[in-house]
Amino acid sequence: MINQVKNSKKVVEIINLKKSFGNQIILQNISLSLMEGENLVILGKSGSGKSVLIKCLIGLLTTDSGQINVFEENMNSSTGKELALLREKIGFLFQSSALYDSMTVRQNLEFPLRRIKKNLTENQISEKVNEVLENVGLIESINKMPSELSGGMRKRISLARTLVVDPQLMLYDEPTTGLDPITSNEISLLILDIQKKYKTSSIIITHDIKCTQKTANRIIMIEDGLIYKEGNLESFENESDLLIKSYFN
Amino acid sequence: MIKKTTSTLIPSLDKAKGQIIKLSEKTIVKKEEANSFLTNVADVTLFLTKTTKETFTRDFEFKEFLRQCFEIGYKTLPLISITGTIMGLVLTIQSRPILIKFGAETLLPSMVAVSIIREMGPVITALICAGKIGSGIGAELGSMKVTEQIDAMEVSSTNPIRYLVVTRVLATTIMIPILVLYADGLGILGSWIGANIKGDVSFLLFFSRAFKHVEFIDFIPAFTKSFFFGAVIGLVGTYQGYNAGRGTESVGKAANTAVVLSSLLVIIIDMIAVQITDMIAI
């Protein structure tokens, strides 16, 4: 899989990224790239700066220095409109699912669709919503409110909401956190399924080793705001370093 | 001699050192307070600028605006109905004995009407709305912030200021003056009910007497200040919610601050409006 993606083009390129909050440095000298069709897992313990990295990548946080290129466009120099256009190609699965509480599942899915794909007819919108809900296996929940859904279901609906606009790049922020092992496994399989079906490139932020083992084509480990190790799953599993061993054993 | 001098110098040096440390700590606290104040001023200015800019953009969220008008206007009607009616009723029952004492009972309807239209109606309605609508907006946006819904909106290429803030501020600005007019009407109706508890006066007679001394010009300052009340309630509620912290505790804080601050601003705006009205003698 890794050899397969080696020849393809870069979807994301981060060069020397630095981010701090006040005097506290969160990320420093982060340089990485994501190839087309690849699943890149960013591994690290809580507070290591993984979520900050992914939020810098989507433009929810501004960086102190460094460069972020997404689809060969420089995010740092993008204007509001350019950023909005760029975000149309990116799907973001939030840690908290972030479903709109005041809307039904259908309305949650229609919300980005109506704004991003403005020329769709009502029938096309309905068909698209049904299609992605079927893909995540929750078509029967279409008229439910988010408060009526379980944690796993909320995650799936949130995933459906990002998929409904056909993103080329998927960003997963702790996709399995807070879920039971069975649901976590289902979400991990769904991530793989999405990669195949929608031909997406993905960055998966996690500290869940089982999710990493299932989904990763390549792994980058972050420790104290710095890249600690980069490699494939095998190299991580055979690593003698104590910190890495503590994750994989 | 040297020993004596050293022994007296060391405690005084320690004292001076302690005082310098205390002073520097106080300076740091004051500096942080000043920084926090300036940051807040900058945040408010930025928020108002963004809101104003987004109000006049082409992609206005009309559907969400209508939904907010329904939420803010229609759903507040029962509360305004009760408070409006009671306001007129109580005002009548309280003022009647004094007016009888001065032989001015016939002036009761117009006195009540003038006080309701010019002052009581707008201020009481605005304070009720600050409590119900202001806290609702603060809590709703605050919980959306905490649960990353605002971020989700932003990454879906939707401007959250345009969708969440502008629609709510415009809805409060338009709906609160309408609610004020409604409360005024019910206040006069409540006053008629109050007048009939110890007397007997027909609704038509009461109504015609009520509006005998009320002129159209009486409505203008009251109606104008109601727009400002509405705008302030919407802006304070949305600002507090939109800038809530990350924890669940901040949701309650946002709702609470929205109510306290918007109520206070309503009273201050009322005072300014009364001064202006007095100056131009309306």
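Me: What share of the 282 residues in chain B is buried, and what makes a residue count as buried?
Reply: A residue is called buried if 20 or more other C-beta atoms, placed from the backbone, lie within 10 Å of its own, whereas 12 or fewer make it exposed and values in between partly exposed. By that test, buried residues are 42% of chain B. This is a predicted model, in which local features need pLDDT of at least 70 and side-chain atom pairs count only at pLDDT 80 or more, while totals for chains, interfaces and linings use all residues. Residues are numbered from 1 along each chain as its sequence is written, and chains are lettered from A and ligands numbered from 1 in the order in which they are written.

Me: Why is chain B called more spread out than a compact globule?
Reply: The globule rule is 2.2 Å times the number of residues to the power 0.38, and the radius of gyration is taken over C-alpha atoms. For 282 residues the rule gives 19 Å, and the radius of chain B is 27 Å, well over that value, so the chain is more spread out than a compact globule. Its C-alpha atoms fill a box of roughly 100 × 60 × 35 Å along the principal axes.

Me: Which strands of chain A form the open sheet, and what makes two strands a pair?
Reply: Two strands pair if DSSP finds at least two bridges between them. In chain A the order is β2-β1-β4-β5, with antiparallel pairing. Since β2 (24-35) and β5 (73-74) each have a single partner strand, they stand at the edges, and so one side of each is left without a neighbour in the sheet. Strand β4 (residues 65-70) is joined to β5(A) by two bridges, and A:Val70 stands opposite A:Glu73 in β5(A).

Me: How many residues of chain A are in contact with chain B, and what makes a contact?
Reply: A contact requires C-beta atoms, placed from the backbone, to lie within 7 Å. On that basis, 14 residues of chain A are in contact with ten of chain B, and α4(A) gives the most to that side of chain A, with four residues.

Conventions. Two residues are in contact if their C-beta atoms, placed from the backbone, lie within 7 Å.
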